[in-house]
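Student: Could we go through this model together, one question at a time? I would like to see how each answer is reached.

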Amino acid sequence: MDVPRDQIASLLDLGLYDSAQMLVLLGDSLYGEKEHKRAIYMYKQALNLCKIIPKQTMTSSRGSLSTSNRSSSPNSVNVSAINENEVKFKITLCHSALNDNRAALVEMEGIPSKARTLRMNLTLAKLYRYSRHSRAAISCYKECLRHCPYILEAITALAELGVAAKDILTLFPQTPSRSGRPPFDNFDSSRWLQPQNWRFTSGAHEPVFSNFQLTCGCGKERENRFVEAQCCIASNDYKGGLELFAEILQRFPSNVHILLEVAKVEAIIGKNDEAMMNFEKARSYDPYVIDYMDEYAMLLKTCSDSSKLNRLVHDLLSIDPTRPEVCVALSVLWERKDERRAMAYVDKCLRIDDRHIAGHIMKGNLFLSLGRPDNALASFRAAQELRPDLRSYQGLVRSYLSLAKTKEALHSAREAMKAMPQSAKALKLVGDVHASITTGREKAKKFYESALRLEPGFLGAALALAELHVVEGRNGEAVTLLERYLKDWADDSLHIKLAQVFAATNMLQEALSHFQAAMRINPQNETAKKGLERLEKQMKGVDPDAPEEDEDNEVEDAEGEQEEAELL
């Protein structure tokens, strides 16, 4: 970081080699070089010096120095009298960079509440939230919105902390000033109406502003919609949240933030085609956006689009390889090739930001694929503590079932159903637990059918119900059910399930066509490959379950016979 030379020169000319101002400048330089512990030491030395040196001496030395406005950022300096509160805030930022949130919180609490700037309040709110002091965090986030109603981060945080939409809306200015603008720090809201003025600060201690706030009544209505949408999403009412976001997108179709919010929710609830379209649209408006790109990477993996996944990861690495989203995207890319390397990338993500939910979800899924459900449980629980959503519930249920803990799996599935009473995915989750028990199949059938009534196009519930039909010998009902979805779904799992049912009923030609269809959709599908190999053996009249001759064993036997002959 460049420290202004004229300011340093002024201090040196006055002989203030060890002055508090010089120590602060040095601390700023060290902060810029990411030497955070050394920066903390310099800042504390400056504060101690202020207490030791008489104020009269400080005043005489200040008078000859040029004065200018000073920001609270470690990147800006001034040779005028140091502001002790700002120096304490710089120490806070250093502690935060070192992931020492407790020390950062102690430093922030040392700043009087009336002296805290907007940025200070936002940082303090985050620290309280990290420390699970929810009530104090809510108070600080509310203070942020009283200063500036455009901080989306504060709105989202309050929604996630359980604050009702009506309570959040009461924090906003209700009447405009004479100029027609909300009375808030002379902020020009018209600057934020265009998408190019958007700025994202994932994980940073910077306020995030909206670009859909208008100075007219229409803008207030849109702002209300955004708050209500965030509260819906936070309470797992995904349908209601998407409807509200759709209203905002009608007015601002190129708003990258809203597009990404919509795409993320659509990906979670399984609307893959819509999510894919909105992620791609967001990237077309802002090709350098990184927020939620790990969610996009996981979606591409689900849709087996490896070429797009490769391009996405390549682009993200060229933008900023240090972001946690990029590490998760790399983990997704390596999952099929090298699961241990994928795990290394997700561990790196959580070292950068241990509150990154997608990182915990990805880690849980990796543990499940490695056959380590105990570890998977810990990851899904960590994700749920940060923000419960459908994926963390699904992960917990899968982990418990892998451990044969049916009671715990049922408890988690019922919790999901209570949290999302209008979710077909939650109903299916309860059905999955019942289906794992022989005596629970009838209950499972009812839950799957309820899920399909609630969401007729829900392929996951249809596949699960078809599997139940097959287990109970109702192959005809399974085929009838699955064939309804062929017109609307080009899905490899649908074709595989149909192929398996046809193969079980000795309709080998129909089974072959569906396995081939699955391979055309997803050439990397291992289940389809193995099913096709097994079917080809059946069609040749070979028993697919017969053990294959082991050529290696034959070679070893031949070598053994040779050794015996030599011994004889």
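Tutor: Gladly! One cut-off first: a residue is called buried when its relative accessible area is under 20%. Keep in mind that this is a predicted model.

Student: How far does helix H7 reach from its first C-alpha to its last?

Tutor: Helix H7 covers residues 118-130 and has 13 residues. At 1.5 Å a residue, 18 Å is expected. The model comes close to that, with a reach of 19 Å.

Student: What follows helix H2, and what is its phi?

Tutor: Helix H2 spans residues 20-32 and reaches 18 Å, close to the 18 Å expected. It is mostly covered, with 11 of its 13 residues buried, including Asp 28, Leu 30 and Tyr 31. After H2 comes Lys 34, with a positive phi near 65°.

Student: Now for the charges. Which residue forms a salt bridge with Arg 391, and how far apart are the closest N and O atoms?

Tutor: A pair counts as a salt bridge when a side-chain nitrogen of Lys or Arg is within 4 Å of a carboxyl oxygen of Asp or Glu. The partner of Arg 391 is Glu 295, and their closest N and O atoms are separated by 2.6 Å.

Student: Why does this pair tie together parts that are apart in sequence, and by how many residues?

Tutor: Arg 391 belongs to helix H21 (residues 390-402), whereas Glu 295 sits in helix H15 (residues 293-302). Arg 391 is buried at a relative accessible area of 15%, and Glu 295 is buried at 8%. Because the two lie in these two helices, the bridge ties together parts whose separation in sequence is 96 residues.

Student: Take the bridges Glu 325 to Arg 323 and Arg 474 to Glu 477. Which residues there are buried, and which are partly exposed?

Tutor: Glu 325 and Arg 323 meet at 3.2 Å, N to O, and both are buried. Arg 474 and Glu 477 meet at 3.7 Å. With relative accessibility of 22% and 43%, the partly exposed residues are Arg 474 and Glu 477.

Student: Which residues do salt bridges that share partners join into one network?

Tutor: By the 4 Å rule, the count of salt bridges is 23. Some share partners, and these join into one network the residues Arg 129, Glu 160 and Arg 387.

Student: Last one: which elements give two or more residues to the positive patch?

Tutor: The patch of positive charge lies on the surface, where Arg 414, Lys 418, Lys 443 and Lys 446 gather. Lys 443, for instance, has its place in helix H24. The elements giving two or more residues are helix H22 (406-419) and helix H24 (441-454).

Terms used
Residues are numbered from 1 along each chain as its sequence is written. This is a predicted model: local features need pLDDT of at least 70, side-chain atom pairs count only at pLDDT 80 or more; totals for chains, interfaces and linings use all residues. Side-chain values use heavy atoms; hydrogens and water are left out. Patches are made of residues with over 30% relative accessible area and no salt bridge: like charges are joined within 9 Å, nonpolar side chains (Val, Leu, Ile, Met, Phe, Trp, Tyr) within 5 Å. Accessible areas come from the Shrake-Rupley method with a 1.4 Å probe; for residues, only the protein chains shown count as cover. Lys and Arg count as positive and Asp and Glu as negative; His and the chain ends are not counted. The place of a charge is taken as NZ of Lys, CZ of Arg, CG of Asp or CD of Glu. Helices (H or I, at least four residues) and strands (E, at least two) are DSSP runs, numbered from the N terminus. The expected span of a helix is 1.5 Å times one less than its number of residues. Buried means under 20% relative accessible area, exposed over 50%, partly exposed in between (1.4 Å probe, protein chains only).
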